[in-house]
Amino acid sequence: MVRDYDRDAIPSVYDLQDAPAAREGPGFRQVVFRGIDQLIGFTEIGPEREASPPHDHPFEQMNVLLDGELDFLIDGERVSLDRYDAVTIPPEVDHASRAVSEETATLLAVWPLREDRVDATDYQREFPTANPDA
């Protein structure tokens, strides 16, 4: 079951800047970290990232901007975030983000446990791998 964990491996501490990227490309790097029922995305978004089309998913997403400046397009409305601003995106609402300065923005996203992202947390030793053949 995806919620199983190894009690002997708790607590485990990870530096998310050193964790393996779940997704990356020019101006974009995202690491996913999980708990029992939640995931966080630690994302660095630079000015060289190409604009991506809005997307949606069946999960709520809460975001906190840790550093830099970022624009979100949420349900067709542009929202500017500064350091420590937080915004919630309800399930199935179109959204996209982009950096608005020459500085890389650092975003923390919080989701419920998403089985489509669990494989990105295989580096965490407290959780059995989602793919036993990996």
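How many positive and how many negative side chains does the chain have, and how far apart do the centres of the two sets lie? Select both groups. There are 12 positive and 29 negative side chains. The centres of these sets lie 2 Å apart. Keep in mind that this is a predicted model.

**Whole chain.** Zoom out. The C-alpha trace spans about 45 × 30 × 25 Å along its principal axes.

**Strands.** Switch to a cartoon view. You will find 9 strands and 0 helices. From the N terminus on, the order is β-β-β-β-β-β-β-β-β.

**Surface and contacts.** Now show the surface. Of the 134 residues, 38% are buried. Next, turn to contacts with a separation of 6 or more: 67% of them join residues 24 or more positions apart.

**Aromatic rings.** Hide the surface. The whole structure holds 2 aromatic pairs. Select Tyr-14 and Tyr-123. Their ring centres are 5.4 Å apart and their planes stand at 85°, so this pair is edge-to-face. The pair links distant parts of the chain, 109 residues apart. Tyr-14 sits in the segment before β1 (23-25), and Tyr-123 in the segment after β9 (105-112).

Stay on Tyr-14. Is this residue buried or exposed? Tyr-14 has a relative accessible area of 18%, so it is buried, the cut-off being under 20%.

Phe-33 forms one aromatic cluster with Tyr-14 and Tyr-123.

Definitions and conventions. Residues numbered from 1 in each chain as written. Predicted model: local features only at pLDDT ≥ 70, side-chain atom pairs only at ≥ 80, totals over all residues. Heavy atoms only, no water. Helix = DSSP H or I, 4+ residues; strand = E, 2+ residues; numbered from the N terminus. Buried < 20%, exposed > 50% of the residue type's maximum accessible area, 1.4 Å probe, protein only. Contact = heavy atoms within 4.5 Å. Lys, Arg positive; Asp, Glu negative; His and termini not counted. Charge placed at Lys NZ, Arg CZ, Asp CG, Glu CD. Phe/Tyr/Trp six-rings, centres within 6.5 Å; stacked < 30°, edge-to-face > 60°.
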